[in-house]
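Trainee: I have this protein open on my screen and would like to go through it with you. Could we begin with its surface?

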Amino acid sequence: MFGKSNNAQVEHEKMIHALQSQHKIQEIVNNAKELTAEAIARYSGALPTIKESRTIETALGASATSQPCSSGSTTAQITPDEANEMHLEMMHSILAAANAECPNG
């Protein structure tokens, strides 16, 4: 009987974690949608081609890493190990959410 109770608790914890992960993912998606809508609303003119867009992104990425942010906020540098850990946590969250949506697949 204790085993069944423990299994139920484990399943409950898994479900809670999956729901929390799904909520975090949805927040990220909603934020991305809002930022995209804002960017589209601010932009006027002809849309750049994919090649031009990538060139712009590369240039902006290079300038962002070589110069401090002008908004006054400071961001901490992270080590490759920290970045890998953050990536793994993100992937676990995504997989947990996917498993919660389709537990038999």
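Mentor: Keeping in mind that this is a predicted model, the accessible surface of the protein comes to about 9,500 Å², and 61% of that belongs to carbon and sulfur atoms.

Trainee: And how many of the residues count as buried?

Mentor: The protein has 105 residues, of which 5% count as buried.

Trainee: OK, what about the secondary structure, how many helices and strands are there?

Mentor: There are three helices and zero strands, so that, following the definition of those elements, the pattern read along the sequence is α-α-α.

Trainee: I clicked on Ser-21, so where is that, and is it buried or exposed?

Mentor: Ser-21 is found in helix α1, which covers residues 2-42, and Ser-21 counts as buried because its relative accessibility is 2%, where the cut-off for buried is under 20%.

Trainee: What is Ser-21 in contact with, leaving aside its neighbours within four places in sequence?

Mentor: With those neighbours set aside, Ser-21 is in contact with Ser-93 and Ala-96.

Trainee: Switching to charges, how many salt bridges does the count come to?

Mentor: The count comes to one salt bridge, and it is formed by Glu-11 with Lys-14, whose closest N and O atoms are 3.9 Å apart. In general, side chains of opposite charge can pair when their charged atoms come close.

Trainee: Where do Glu-11 and Lys-14 lie?

Mentor: Both Glu-11 and Lys-14 lie in helix α1, three residues apart, which is about one turn of the helix.

Trainee: Why does Lys-14 count as exposed?

Mentor: Lys-14 counts as exposed because its relative accessibility is 52%, whereas Glu-11, at 48%, counts as partly exposed, the cut-off for exposed being over 50%.

Key. Residues are numbered from 1 along each chain as its sequence is written. This is a predicted model: local features need pLDDT of at least 70, side-chain atom pairs count only at pLDDT 80 or more; totals for chains, interfaces and linings use all residues. Side-chain values use heavy atoms; hydrogens and water are left out. Helices (H or I, at least four residues) and strands (E, at least two) are DSSP runs, numbered from the N terminus. Buried means under 20% relative accessible area, exposed over 50%, partly exposed in between (1.4 Å probe, protein chains only). Accessible areas come from the Shrake-Rupley method with a 1.4 Å probe; for residues, only the protein chains shown count as cover. Contact means heavy atoms within 4.5 Å. A salt bridge is a side-chain nitrogen of Lys or Arg within 4 Å of a carboxyl oxygen of Asp or Glu.
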